[in-house]
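Reader: I would like to learn how to read the packing features of a model such as this one. Could we go through them in turn, with the general idea first and the particular case after it?

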Amino acid sequence: MNHPNQASVTPPAVNPIPFLALLLALMMSVGPFAIDTYLPAFSAMSRDLRATPLQLQATLTAYLVAFSIMNLVHGAISDAVGRKKVIITGSLFFAFASIGASTATSIEQLWVWRALQGLASGAGASVGRAVARDVTSGSATQRLMGQATMAFALAPAIAPVLGGLLLLVTSWRSIFIGLAAMGLSTALLVWRLLPETLPIAIRQPLSFSNLKAGYTEIFSQGVFWRLTLAMCLGMAGFMIYILSAPNYVTRLLGLTEQSFYILFFPLTLGTLCGGFLSSRIAGKRSVAASTYLGFKIMVTAAVFHLIAIVLVEKKILPPVPWAACILFFYTLGAGTMLSSIQVLVLESAPDRKGMVSACTAFTQSLISATFAVVLLPFIWDSLLNMALTGLALPAIGFCLFHWQQLVVKRRTNSKGPALP
């Protein structure tokens with residue numbers, strides 16, 4: 001709903017800000033770098049901090065839980081004071097927390113610093129999506145998000161490789177110094193290149209009653225839950241491989257800490273191509289049709305991946321490259337789906353773009369954290385269990401998205417208010 005005395009502003013159909021896709025990609029990449037860059041250093045950190053693998057896995061959980069909770073705050077603040085201030089402040093605080101993590105002398109200290117990183121790193125990702133919706137609409141938003149996804153997709157490939165290289169020449173602490181440099185660079189570039197995209201006339205007051213009304217409006221909508229859970233489950237299908245990468249690469253595949261590219265290269269290339277595909281078909285297909293296409297590619301790829309893993313288990317195929325290469329097609333679908341479905345989610349509350357983006361990021365990161373704690377310990381020691389889970393999650397996501405489209409069709413046929 002619009003706040004009283006505020007006019008609704010329709011964003012233009014063409015992106016008016018040069019290099020915005022690259023800026024969005026940088027803001028969105030802070031989170032993946034914070035997750036993936038230090039994964040190759042788990043063994044070294046375990047020795048240095050005298051920590052068990054599960055204790056180190058808990059550093060991911062601490063990060064993701066804090067990330068998910070703070071996302072709700074980032075979006076609400078950005079709807080009140082503007083996007084730019086929130087992104088810059090969050091990036092600077094992320095740099096501070098990264099420096100703190102580099103000084104940790106115990107696993108308990110690292111838990112605290114990782115949680116502080118999580119509190120800050122969501123600003124760029126959640127508010128960045130709102131920036132995209134501030135300045136574009138419809139297929140232009142899909143095209144912009146597709147372009148940003150293409151650049152953002154490089155992060156999961158570059159991050160662990162960079163972490164492994166740093167580990168060869170220096171200690172694991174330099175990885176967190178590098179993350180601090182990334183936070184500072186993001187703050188500087190946003191300060192210099194990004195204009196404020198949220199006009200004062202349509203900002204929402206930062207009050208308890210307004211926050212309560214906003215969260216109630218968003219979280220009570222069936223359309224929000226169906227679309228957001230569909231997106232989260234689709235993305236979770238390959239997030240389980242990212243979160244379990246240290247175990248998957250070194251134990252299940254029997255590779256070295258410098259071989260993370262075996263897993264991350266197909267994941268990244270697929271996401272890159274998915275973003276490209278989404279940007280190319282924007283305006284030629286409806287946003288819903290593009291989302292359907294992404295889900296169909298994901299589920300089909302997951303079926304073939306499961307077949308390949310069964311053949312690996314029977315010693316008919318070698319685990320490398322078959323345990324990883326088919327994931328390219330999975331993330332091809334994921335990249336296509338993600339660029340499209342985000343547009344539909346943002347349209348579920350067009351007057352609270354920052355808040356709905358934050359609620360989406362909150363839900364997604366909370367689900368990832370839950371999977372890291374509850375699901376991964378039961379499946380990460382088996383290639384077959386991971387492949388089965390990687391099929392089940394996007395299949396459920398596809399069903400949720402199809403349910404939403406049936407709701408749209410029913411309401412359209414009854415001449416009721418159409419939902420995205």
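**A cis peptide bond and its setting**

Author: P321 has its place in helix α14, which covers residues 319-325. Please keep in mind throughout that this is a predicted model.

Reader: What is the peptide bond from V320 to P321, cis or trans?

Author: The bond from V320 to P321 is cis, with omega near 10°.

Reader: Which residues other than glycine have a positive phi, and where does R50 lie?

Author: R50 is one of them, with a positive phi of about 55° although R50 is not a glycine, and R50 lies in the loop between α2 (42-49) and α3. K315 is another, with phi near 65°, and K315 lies in the loop between α13 and α14.

Reader: Are R50 and K315 buried or exposed?

Author: The relative accessible area of R50 is 75%, so R50 is exposed, and K315, at 75% relative accessibility, also counts as exposed. The reasoning rests on a cut-off, because exposed means over 50% relative accessible area.

Reader: Let us turn to aromatic rings. How is a pair of aromatic rings described?

Author: A pair of aromatic rings is described by the distance of the centres and the angle of the planes. In this structure there are 17 aromatic pairs. In the pair of Y38 and F42, the ring centres are 5.2 Å apart and the planes stand at 70°, so the pair is edge-to-face; the cut-off behind that step is that planes over 60 degrees apart count as edge-to-face.

Reader: Are Y38 and F42 buried or exposed?

Author: Y38 is buried, with a relative accessible area of 1%, and F42, at 9% relative accessibility, counts as buried too.

Reader: Which residues form one aromatic cluster?

Author: One aromatic cluster is formed by Y215, F219, F224, W225 and F362.

Reader: Over which rings do the charged ends of R114 and R192 sit?

Author: The charged end of R114 sits over the ring of Y38, at 4.3 Å from its centre, so that Y38, which is buried, takes part both in this arrangement and in the edge-to-face pair with F42. The charged end of R192 sits over the ring of W191, at 5.6 Å from the centre of that ring.

Reader: How are two packed helices described?

Author: Two packed helices are described by the angle between their axes and the distance between the axes. Helix α4 (residues 83-102) and helix α8 (residues 173-193) pack at an angle of about 165°, and their axes are 8 Å apart. The two helices are therefore roughly antiparallel to each other, given that angles over 145 degrees count as roughly antiparallel. The crossing of α4 and α8 is left-handed. Residues making the contact include I87, I88, L92 and F94 of α4 and F176, I177, L184 and W191 of α8.

Reader: At what angle do helix α3 and α4 pack?

Author: Helix α3 (residues 53-81) and α4 pack at about 135°, with their axes 7 Å apart, and that makes α3 oblique to α4. H74, I77, S78, D79 and V81 in α3 meet R83, K85 and V86 in α4.

Methods:
Residues are numbered from 1 along each chain as its sequence is written. This is a predicted model: local features need pLDDT of at least 70, side-chain atom pairs count only at pLDDT 80 or more; totals for chains, interfaces and linings use all residues. Side-chain values use heavy atoms; hydrogens and water are left out. Rings of Phe, Tyr and Trp (its six-membered ring) pair if their centres lie within 6.5 Å; planes under 30 degrees apart count as stacked, over 60 as edge-to-face and the rest as tilted. Buried means under 20% relative accessible area, exposed over 50%, partly exposed in between (1.4 Å probe, protein chains only). A charge sits over a ring if NZ of Lys or CZ of Arg is within 6 Å of the ring centre and within 35 degrees of the ring normal. Axes are lines fitted to C-alpha atoms, for helices over the stretch in contact, and angles run from 0 to 180 degrees between N-to-C directions. Helices (H or I, at least four residues) and strands (E, at least two) are DSSP runs, numbered from the N terminus. Angles under 35 degrees count as roughly parallel, over 145 as roughly antiparallel, 65 to 115 as roughly perpendicular and the rest as oblique. A crossing is left-handed if the near helix is turned anticlockwise from the far one by less than a right angle, and right-handed if clockwise. Contact means heavy atoms within 4.5 Å.
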